[in-house]
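Me: I would like to go through a model together, one topic at a time. Could you put it up?

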Amino acid sequence: MNNIDNISKYGVFGLSYDKSESSLILLSIPFELTTTFREGTLYAPHKIKDASSQIDLMNNLDSYAWQKGIYWDNSNEYFFLNISKSYRPSAKKIIDFLENNQLLNDELKNEQYIINNVCEKASNEISKLVFQILQNDKIPGVIGGEHSITYGVIDAIQNVYDDFCILQIDAHHDLRNTYLGFTYSHASVMYNILNKYDNVNKIVQIGVRDYCEAEKNLVAESDNIVTFYNFDINVQLFNGKSFHDIAKQIVDLLTDNIYISFDIDGLQPYLCPETGTPVPGGLSYEQIEYLFYLISKTNKKVIGFDLCEVSGLSEWDAIVGSRIMYLLSILALR
Ligand SMILES: [Mn+2]
């Protein structure tokens with residue numbers, strides 16, 4: 001393959017593969033409706049793609065995996081931008097009301113009902129788009145948007161794969177049974193997945209450091225969720241254990257087919273200062289790179305991934321997001 005032909009400043013990572021010759025399809029999903037603290041992830045896909053052209057292709061995981069072709073598919077952006085912009089003011093009004101502990105009146109209850117339907121519609125659309133990618137024997141990488149988008153992705157994945165695990169990098173469990181009355185909230189995404197899809201054999205969460213009692217109890221009682229709390233990782237590190245040993249424990253728990261759900265707030269806040277719900281602490285870029293490096297040395301397959309909650313309002317957040325997107329891409333393509 002003459003790789004010089006595939007270098008272009010216009011494509012994602014400066015590549016110019018077309019859709020049919022690409023093994024990995026990066027699907028742009030600018031969707032934001034239920035974010036509760038700070039908004040801005042709606043603009044992330046565009047910003048991340050722009051920043052990706054600055055990335056040099058040599059990499060510690062695999063310097064040539066990109067030659068299998070990576071394509072940026074933004075052909076459905078308008079649908080998600082449109083519903084996000086149309087319904088966000090109403091969602092925001094409801095969130096503000098509830099956070100001030102006021103009960104919703106009938107009118108607001110009705111608006112919330114409508115928003116839950118819109119979220120369901122968005123999930124169905126995401127599922128349809130991801131399913132098409134899988135049907136063409138390509139790998140889906142979904143770029144959000146808020147974390148609720150993972151629900152639609154998993155809906156498609158479980159139609160194709162009988163048995164897979166989810167590796168979730170996140171400051172939060174996302175295991176709330178609805179959040180502020182939103183069934184498809186970013187804070188409930190893993191709860192919804194766990195309850196609906198039997199094909200998910202395990203959820204391995206790392207970096208979690210902000211959670212409620214119900215979530216903690218759910219993890220303790222569940223056979224399907226293993227959480228590496230940020231504090232527990234640090235207790236081991238501070239007592240002399242190597243990060244290699246910890247990362248090895250994580251990798252050993254993963255089953256043969258791995259889906260990675262990457263919420264950028266799992267990282268240290270200096271890497272994602274403008275994300276929706278930043279939390280002090282978190283994983284370093286180097287730890288993630290090393291964890292992915294260990295995964296790349298196994299025969300385990302990354303069958304798809306998403307990257308969520310990156311702020312589209314900050315250039316630095318988008319730069320880090322694009323680097324994470326590259327690591328995820330080559331890990332899936334290797
Ligand atoms: Mn999350």
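Me: Where is the place of Phe 13?

Reply: Phe 13 sits in the segment before E1. The model is predicted, so local features are given only at pLDDT of at least 70 and side-chain atom pairs only at pLDDT 80 or more, whereas totals for chains, interfaces and linings use all residues. Residues are numbered from 1 along each chain as its sequence is written.

Me: Is Phe 13 buried or exposed?

Reply: Phe 13 counts as buried because it has 23 C-beta neighbours inside 10 Å. The cut-offs are 20 or more other C-beta atoms within 10 Å for buried, 12 or fewer for exposed, and partly exposed in between, with C-beta atoms placed from the backbone. Phi of Phe 13 is near 55 degrees, a positive value in a residue other than glycine.

Me: What is phi of Thr 178, and where does Thr 178 lie?

Reply: Thr 178 is a residue other than glycine with a positive phi, near 60 degrees. Its place is the loop between strand E4 (164-169) and helix H5 (189-196). Thr 178 is partly exposed because 14 other C-beta atoms lie within 10 Å.

Me: Changing topic: how many helices and strands are in the protein chain?

Reply: The protein chain has ten helices and eight strands. Its radius of gyration is 19 Å, close to the 20 Å that the globule rule gives for 334 residues, so the chain is as compact as a globular protein of that length. That radius is taken over C-alpha atoms, and the rule is 2.2 Å times the number of residues to the power 0.38. Of the 334 residues, 49% are buried.

Me: Which residues have the most contacts inside the largest nonpolar core?

Reply: They are Leu 26, Leu 27, Ile 70, Phe 262, Leu 307 and Leu 328, in a core of 94 residues. Helix H10 (residues 315-333) gives the most to this core, with eleven residues. A nonpolar core here is a set of buried Ala, Val, Leu, Ile, Met, Phe, Trp, Tyr and Cys residues joined through C-beta atoms within 7 Å.

Me: And what is Leu 27 in contact with, leaving aside its neighbours within four places in sequence?

Reply: Leu 27 is in contact with Asp 73, Leu 129, Val 130, Ile 133, Pro 140, Gly 141, Val 142 and Ile 143. Contact requires C-beta atoms, placed from the backbone, within 7 Å.

Me: What stands opposite Leu 26 in E2, and what in E3?

Reply: Leu 26 stands opposite Trp 72 in E2 and opposite Gly 141 in E3. E1 and E2 pair in the parallel sense over four bridges, and E1 and E3 pair in the parallel sense over six bridges. Pairing requires that DSSP finds at least two bridges between the strands.

Me: Which unit do E1, helix H1 and E2 make?

Reply: E1, helix H1 (residues 44-52) and E2 make a right-handed β-α-β unit. Right-handed means that, with the strands pointing away from the viewer, the path from the first strand over the helix to the second runs clockwise.

Me: How many of the residues of E3 are buried?

Reply: Six of the six residues of strand E3 (residues 139-144) are buried. Ile 139, Gly 141 and Ile 143 lie on one side, and Pro 140, Val 142 and Gly 144 on the other. Three bridges join E3 to the parallel strand E8 (residues 301-308), where the bridge partner of Ile 143 is Leu 307.

Me: Which peptide bond is cis?

Reply: The bond from Gly 144 to Gly 145 is cis, with omega near 15 degrees. Gly 145 lies in the loop between E3 and helix H4 (150-160).

Me: Last topic, helix H2. Where does the kink lie?

Reply: The kink in H2 (residues 77-99) lies at Arg 88, shortly before the proline Pro 89, and is about 45 degrees. The bend is the angle between axes fitted to the seven residues ending at a residue and the seven starting there. Phe 80, Ser 84, Ala 91, Ile 94 and Ile 95 are buried in H2. What covers the buried residues of H2 includes strand E1 (24-29) and helix H3 (106-135). Just after H2, Asn 101 has a positive phi of about 60 degrees.

Conventions
Helix = DSSP H or I, 4+ residues; strand = E, 2+ residues; numbered from the N terminus. Contact = placed C-beta atoms within 7 Å.
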